[in-house]
Amino acid sequence: MVRLVTYRRALPFLPVLTLLAMLGPVGAGLIGTFLPAFGHLPAAGLVGPSLDPFRDLFGWAGLPRAVMLSLSTGIVATAVSLLIVVLITAGWSGTRVFRVLERMLSPLLSVPHAAAAFGLAFLIAPSGWIARLLSPGITGWERPLDLLIVQDSWGLTMTAGLIVKEVPFLLLITLAALGQTDAKRSVTIAQALGYGRLTGWLKTVFPRVYAQIRPPIYVVLAYAMSVVDVAVILGPNTPPSLSVQIVKWMSDPDLAMRLQAAAGALLQLALVMGALGAWRLAELIVAAAGRRWIATGARGKLDVIVAQSALGFGAASALAILLGLVVLAIWSFAGYWGFPDAFPDELTLRNWMRHGPGTLAALGETALIAVTVASAALLLTIGCLEAEYRYRLRFGGGAVWLLYLPLLIPQTAFLPGLQTMLLNLGADVGRVPVMLAHLVFVLPYVFLSLADPFRAWDTRMGTIAAALGSSPDGVLWRVRLPMLLRPILTALAVGLAVSVGQYLPTLLIGGGRVATLTTEAVALASGGDRRAIGVYGLMQTGAALVPFALALLIPALVWRNRRGLRHG
Amino acid sequence: MKHLAVLAALLAPLPALADVNPADWDAVTAEAAGQTVYWNAWGGSTTTNDFIAWVGARVAEEYGVTLEHVKLTDTADAVTRVLSEKQAGENDDGAIDMIWINGANFAAMKEADLLFGPYAEQLPNWAIVDAEGKTVQTDFTVPVEGFESPWAMAQVVFVHDTADMPARLGSMQALLEWAQANPGRFSYPQPPDFLGTTFLKQVLVDILPDPSVLAVPVTDATYDAVTAPLWAYLDTLTPNLWREGKAYPATGTAMFPLIADGELDLSISFSPGAASTAIANYELPDTVRTFVLDKGTIGNASFVAVPYNSGSKAGAMVVANFLLSPEAQARAQDPAILGYGTVLNMDALSADDRALFDALELGIATLSPAELGSVQAEPHPSWMTRIADDWMTRYGVSQ
C-alpha cells in the first residue's frame, strides 16, 4: 500500500523528472563549455575571463574551411533529403510503390549511421564494389582511378552519407504528419480541378505537413552540421569539419587546447543557431514564392518526370544503404580480394573467428547500455503520458520544442563541457554517466514515438474498465498498456536503435573505457581493415535491427487470436 | 569469505596506497592477483588487438591479472586523461593502468611527473633484454631511466608491390624522382599520426648531409635552416602523392588495402614483419616485398609505461614483465601473429627459449636482421612536434 501511495505521489512529478533528465546534462554541458571558452578552467590552473581561446581559434588556419564544411554539408544534406522526401510523398503517397517504401522504412532507419557510412565508402570509392563490378569489362580499368571520392575536400561524399540516412527518417516523420492532415480528400479535390497528383499535393497538403514536420527538420539540420562519426568515416581531413576538429582538440595532451575546443564548441553552437535562423528565413521566402505559384494556377505539366526522378533518388538512397550492407557482409567473409575482381577469391569464416569474441564483448556492453537506457526512457515516457491523462495536464505548442531542444543543441557543443564538468566533480567515468548521456538523446525519440498512439487510445475503454471496478492503475496496466503493446515495443526498439548508434556521448563521457559496437567500429576506421569493419558494421546493424523485428513479431504472436489488437 | 571481502573493502583505502616495491617481485605478483589492468593501446590494428587479447588470456591464467584493452585512436588521448585526472585530484585510482607509449608522449609524461617508476630495470625479465644492442634505454634521445619498459622494436621499411614496382629505391631523393615519374602511387599517413611524422623525419634524416644536428633539442636558430630542404622536398612531392595530397590515409595499416587494390605501389611501415603478416591475413597480395634505404632507416622501441595514479601498478608490472618473456616475444615476432622485432638478447636466452625464435618463419616479405642494415637514431622529440605543427599548417589545412 505504501509503495502504491508513493508511486501515485511520484506520478505528477514524472514530467518534471523527465525534463530534468533531458535538459539537465545539456545545461550542465553548456556551462562546462562556456567557462573554458572564456579561459576559465580551474582544473588546469587557468582562471578567466580571457578572450585568448577565441584568438587561438580564429588563428587556426583551417577554420574558414572547417566552418564552410560544417555549414555546407549540414544545409545541403538537410535540403536535399527534405526535397526527396517531399517529392516522393507528393508524387506517390497512396500508391503501391509507396507502400513498398513504407515497409522498407524500419530496417533502413535502424541501420546505424556509422555502418551506413562504411557501406557507402566500400561502394563508391575508386576501388569500391561498383567500380569492381564494372571493371575491367565496361570501364577498362585494371587499376582504380586516382580520384578523390571518399573524403573529398567539399564533403560531398559525407553529405551523401547523411542524405541516405536522413531520407528514411524524414519520410517516417512525414508519414506520421500525413495521418493528421486529411491529405487524401485534398488531393482528390485538387485532381478533380485538373491538378496533377504531385502539384495538387504540394499546393494543398504540403503547407499543413510542413508545419508539423518543422521541428524534426531542424533536428536533422543541427545533427548534420555537427555530426562526428559520419564525418570521420566519409569527410575530408585537410582540414576536417569543425566538429571533428573540436573532438581532436579535446584529446590533445596540451590542456590549453581544451580552451580552444570549448571556443570552437561555442562557435559550432552559434553556427547551428545561425543556420536554423537562416532556414527559418528561407521558409518565409519559399512560402511567399509558393503562394505566388499557387496563385498562377499551374496544373503541373512536369509532374510525372519530377515524381519519377524523386523516386529514382529515393530508391538510390535506399539502395545505397542496402548494397552497403551487402558489401560489408562480403568483406566480413572475404579472403584475398584484389581489384578489379567483382568477388573475393574465396569466402572464409576466419574473419568472424578472429573478431567474433571482440564483437561479442562489445555487443554485451552495447546491449546492457541500450536496454537500460531505452527501458528507463520508456518508463519515464509512459509515466509522463499517464500523468498528462490522469491530471488533465495540457502542454502548449512550446512543450514540443522542449522535447526537441536536446536534439537541436549540437552534441559537440555540450558533450565536451559535460566531460570536463564530470571530471572536475571527480565523478568516475564509465557506464553510468554514459547511460545518463544516452538518455538525453533516447528520451525524445521514445517520447515522440509513443506519444501519438498513447494519446489516440480510445479513452472509453478506460471508462468501461472503471465502471467494471478497475482502479486507475488497473486501467493502465491491464487495459491500456496491453492494448498499446505494439507501439510500446516500437518505441522501445527506437530507443534501443538510438542508443546503439551513439558515438560521441559514449566516446567522450565513457573516457574510452566503455567500448560499444559503435565506438569500436569507428575506431577501426583509422586502421582501414575492411574485414574487421565488415564484421563490426554488421554486428552493429544487427543490434539495432533485431529489436525492430521483435517489435513486429511479438505483438503478432501475443495477439495471434486478437485480430483487432495486432495493429495496436 | 564475505567478512574477508568487507574487511578488505574497509582496509583498502587506508594504507594511503604505498606503492609496491618493484624489486620485491614476490610481493608484486601477490598483489597483482585479482587486479584489473586497463591497458591503453592504439586499437586500429586488428593483429595488435588480437595479440593483446592473447596477453590478457595468458596473464589471467598465470597471475590472475585481468587485462582490459582500451583501444585508442591516438595515444595522446591517454596522456590527456592522466593529466586531467591529476588536475582533478584523482591520485589513487585513475582510469589508466598502462600505456603503450614512446617518443613525445613519453617525454611529456615523464617531464610532468605523470609516470610511476623507475620500475623497468627491476623486472625479472630485464636480465634477458638486449640493453646494449637495442635502443631501449633512450627513447627518441630522452633517457628512459626505468620509467617505461620496452616490448617491441620497430624500424622503418618501405613496402612495395613488385607486380607494379619491381625495383627498390636507395634514397629519399630516388623516392621523389620515382614519385614524379609515377604520380598518385605513393602516400604516407597524415601527421600527426606517428608513422606520418616518422616519414617526415625519415626524409629529413636521409636528405641532410649531417643529421647529427637533430640529436639535440630544436632551437629557433636552427629550425628554419635545417628544415628548409624538407619543405622544398615536400612541395615537390605533394602534388605527386595519391589524391594529389588532398587526402591522406589515416594510419599505416590503412595503406595496406590501398596496395591490395592497386591504388598505391609504395608505402611505408614501422614494422619490418607487418607486410608478411598482412599477406598471411589476405590483406596484401603475395607479390609485396619490403626494402630499406642505402643509409639505413629510423628505428625505435615501443614501451609500456604505468601512470603514477594507477590503482593496479603491480598488475601492470606483471603484464610488462610478461611482455618481455621469451614466450610473448617469440609470439610477437611471428609474422603470422604480429611481426614485431624482439627486444631480447638471443645470447642471454636458454637453448629452449632460443629455439622458439629459431623456429620462426620470418615470412617472404620480411628482411633478415642483416638486410635491415643500420638503424638511424630518432631525432629529439622537440623536432617532431614542431615539424608536425608546421606540416599541418602547410599541407593539413590548405586543400
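Chain B is divided into domain 1 (21-151 + 302-366) and domain 2 (155-299 + 374-396), with bounds that come from an automatic or database domain assignment. The model is predicted: local features need pLDDT of at least 70, side-chain atom pairs count only at pLDDT 80 or more, and totals for chains, interfaces and linings use all residues. Residues are numbered from 1 along each chain as its sequence is written, while chains are lettered from A and ligands numbered from 1 in the order in which they are written.

The C-alpha centres of the two domains of chain B lie 27 Å apart. Contacts, here and between the chains, are pairs of residues whose C-beta atoms, placed from the backbone, lie within 7 Å.

Helices (H or I, at least four residues) and strands (E, at least two) are DSSP runs, numbered from the N terminus.

Within chain B, helix α15 (residues 381-396) has buried residues Pro381(B), Trp383(B), Met384(B), Ile387(B), Tyr395(B) and Gly396(B). These residues lie on the same side of α15(B) because they cover an arc of only 130° around the axis, the arc being that of the directions from the helix axis to the C-beta atoms. Buried denotes 20 or more other C-beta atoms within 10 Å of a residue's own, with C-beta atoms placed from the backbone. The buried residues of α15(B) pack against α5 (103-111), β5 (142-143), α7 (194-207) and α8 (220-237) of chain B.

Conventions:
A residue is buried if 20 or more other C-beta atoms lie within 10 Å of its own, exposed if 12 or fewer, and partly exposed in between; C-beta atoms are placed from the backbone. Two residues are in contact if their C-beta atoms, placed from the backbone, lie within 7 Å.
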